[in-house]
Amino acid sequence: MIFVLTLGMLVLLLAGMPVAMAMALSSVAALLVSGMPFNPTILSTKMQFGLQNFVLVGIPLFILAAKLMNTAGITDRIFRFAGTMVGFLPGGLGHSNVVASLIFSGMSGAAVVDAASLGQIELEAMKKAGYPKKFSVAITAGSSTIGPIFPPSIPMIVFSFASGESVGRLFLGGVVPGLLMTLALMTIITIRARKENLPREPFPTLAIATRSFIDALLPMLTPVILLSCIWSGIVTPTEAAAVAVCYALLIGLFVMRELSFRQLVHVFVETAKESAVIGFVIAAASLFGWVLLRSGMTTHIADVMLAFSQDPLIVLLIISVFLFAIGCFLDSTIAILIFAPIFLPVAMSVGIDPIHFGVAMVLNLMLGLLTPPFGMVLFVMTHISGLKFDEVVRATLPILVPLIAVLMLIIVFPVLVTGLPNMLMGVAQ
Amino acid sequence: MTVKNALEKLNALILLCMFCITTLTVIFRSVLSTPASWSEDLAQLSFILLVFVGAATVMEDEGHIRITTLVERFGPRTRRAIRIVNRLLMITFMVLFAKGAWTNAMFNWEVDLGTVDWIQIGHMYMSLFVCSLLMILYLTLNIVRDIKGTYQQSDRLNATI
């Protein structure tokens, strides 16, 4: 059963079958060879049941909020504001790029959205200012991975669904790692800027700084509003997504006045389409996960790993190496849905905090967005930069070093993840 | 307006409903201090509809997430053969899915949602049944297009997060 399930899925994936269908078909094949009675009603029951989770409603709503903000022209204002804040540092626009991604991540929660929307503006500005194209591409790609770590985060919602852990705690757990990634990337930019004498922006006048701050203030308040609403218990993280949409609509329609009815319809259609694609994978993963559990594979893997070591750090490092390799080949949503139910029980059995594990897993898989052959951000950068795919890969690989360093840091020091949620929401029982 | 366009608009409407329902949850609880027991169930139901109606719509463009790196290395004839075999396998799954959804719809036709008595669980399964038929239709159409040589592959990046 295990053999049919894993080999079946692998073959179907490599044959270009949609991932959701590969999961569903290999699950059916595994059920048929297991000798257990097969009833087709189980397919629709398990697949719809997988979607019956209020947490998942947050995914389309967060995508919708980010798209509304982007259509309302907020990305431009954020980048201008980031420029006045840090543009005067050596390698100024590189820093602006990273800081803008951090601000944008407070409303998007998906790396590809960040790279595709903000990335275009960032690359254009850096090109005009005379930055090497490959350096600009690397920084833009690297900074886009902050989005899924800093709250709100779609991969964290997916992890919460796969593990049953609190989305609020996961969101808060991503704050410090997100800031550390920002610092790590800014350090690399400073080193490169000093070495290659990269340009910097003039120090902004008070009038310019104030103007750009006022322009970007409302969108920048999004993560503050969301986190304070979640933290104070006024709304659940899913409801916070609806609040984010309301806020984006208010800004887009009444403050920026850049959202037309036609644009609104387009944003709703596109969001529905993207959400359905993710949701269909989640539905199929529910069926796959159910068969996986029945196959006994999860217990088998746990036994093998625990026989090797029971030290939390070593177990987490082994899992991280595995996930890093997996992240190069599988989409993060799919990897979370398949591997969180397998590895989380192992991690918890050796005393690893599930929030620590979740944030480390998501960060690790986000690195996969920057690694060939299936790094989605690499595809986006190739598309918007005009460079060849292998040029983008070569340019982006060095940017993995600071991000891996942050991953190692949060693996070794769990308090960097668990500290904030424990402080604000109390220690989980 | 094509069937696909109509489905896209319908799905956008479902998303709008889902957003309104979730917002109402907050308003009822935090502003009116009367928690709405029905809202979470309805939001979840709209999400299920959104996913299956959307999955059917995306099926025509074959915009679901897939890994094509290996397949792209083959020649056009081999690629076409693989595409057709894949679709036949998907149709097989969708037929089983549709059969199960129909049985579930009949079995649960009188069972209400619990918090919303005018919505039956059977209605939800019936919509899954209809969506699976649409997917079978689109997959069959794409096989025919591929055999005729009129099939054009879409850019999957647009449908991927």
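Visitor: What makes the radius of gyration of chain A agree with that of a compact globule?

Guide: In this predicted model, chain A has a radius of gyration of 22 Å. A compact globule with 429 residues would have a value near 22 Å, so the two agree. Along its principal axes, the C-alpha trace of chain A spans about 75 × 50 × 45 Å.

Visitor: How many of the residues of chain A count as buried, and what is the secondary structure?

Guide: Of the 429 residues, 62% count as buried, the cut-off being under 20% relative accessible area. The secondary structure of chain A comes to 22 helices and zero strands. Among the contacts in chain A with a separation of 6 or more, 79% are between residues 24 or more positions apart.

Visitor: Why is Thr115(B) called partly exposed?

Guide: Its relative accessibility is 32%. Buried would require under 20% and exposed over 50%, so a value in between counts as partly exposed. Thr115(B) is placed in the loop between H3 and H4 of chain B.

Visitor: What makes the pair Thr115(B) and Asp41(B) a polar contact?

Guide: Their side chains are joined at 2.5 Å, and the cut-off for a pair of N or O atoms is within 3.5 Å. Leaving aside residues up to four places away in sequence, Thr115(B) touches Asp41(B), Ser37(B) and Trp38(B).

Visitor: Why is the pair Glu8(B) and Lys273(A) called a salt bridge?

Guide: The N to O distance between the two side chains is 3.2 Å. A Lys nitrogen within 4 Å of a Glu carboxyl oxygen qualifies, so the pair counts as a salt bridge. Between chain B and chain A the count is two salt bridges, and 10 residue pairs are in polar contact, both residues being at pLDDT 80 or more.

Visitor: Which helices of chain B supply the side that touches chain A?

Guide: Helices H1 (3-31), H2 (37-61), H3 (76-107) and H4 (121-148) of chain B each supply at least two residues. H1(B) gives the largest share, 14 residues. By type, the residues on this side of chain B divide into 34 nonpolar, 16 polar and seven charged.

Visitor: How many residues are in contact between the chains, and what area is buried?

Guide: In chain B, 57 residues are in contact with 65 residues of chain A. The buried area is about 5500 Å², of which carbon and sulfur atoms give 79%.

Methods
Residues numbered from 1 in each chain as written. Chains lettered and ligands numbered in written order. Predicted model: local features only at pLDDT ≥ 70, side-chain atom pairs only at ≥ 80, totals over all residues. Heavy atoms only, no water. Contact = heavy atoms within 4.5 Å. Buried area = accessible area lost by both parts, 1.4 Å probe. Polar contact = N/O pair within 3.5 Å; in protein donor to acceptor, adjacent residues only side chain to side chain. Helix = DSSP H or I, 4+ residues; strand = E, 2+ residues; numbered from the N terminus. Nonpolar A, V, L, I, M, F, W, Y, C, P; charged D, E, K, R; others polar. Rg over C-alpha atoms; globule rule 2.2 N^0.38 Å. Buried < 20%, exposed > 50% of the residue type's maximum accessible area, 1.4 Å probe, protein only.
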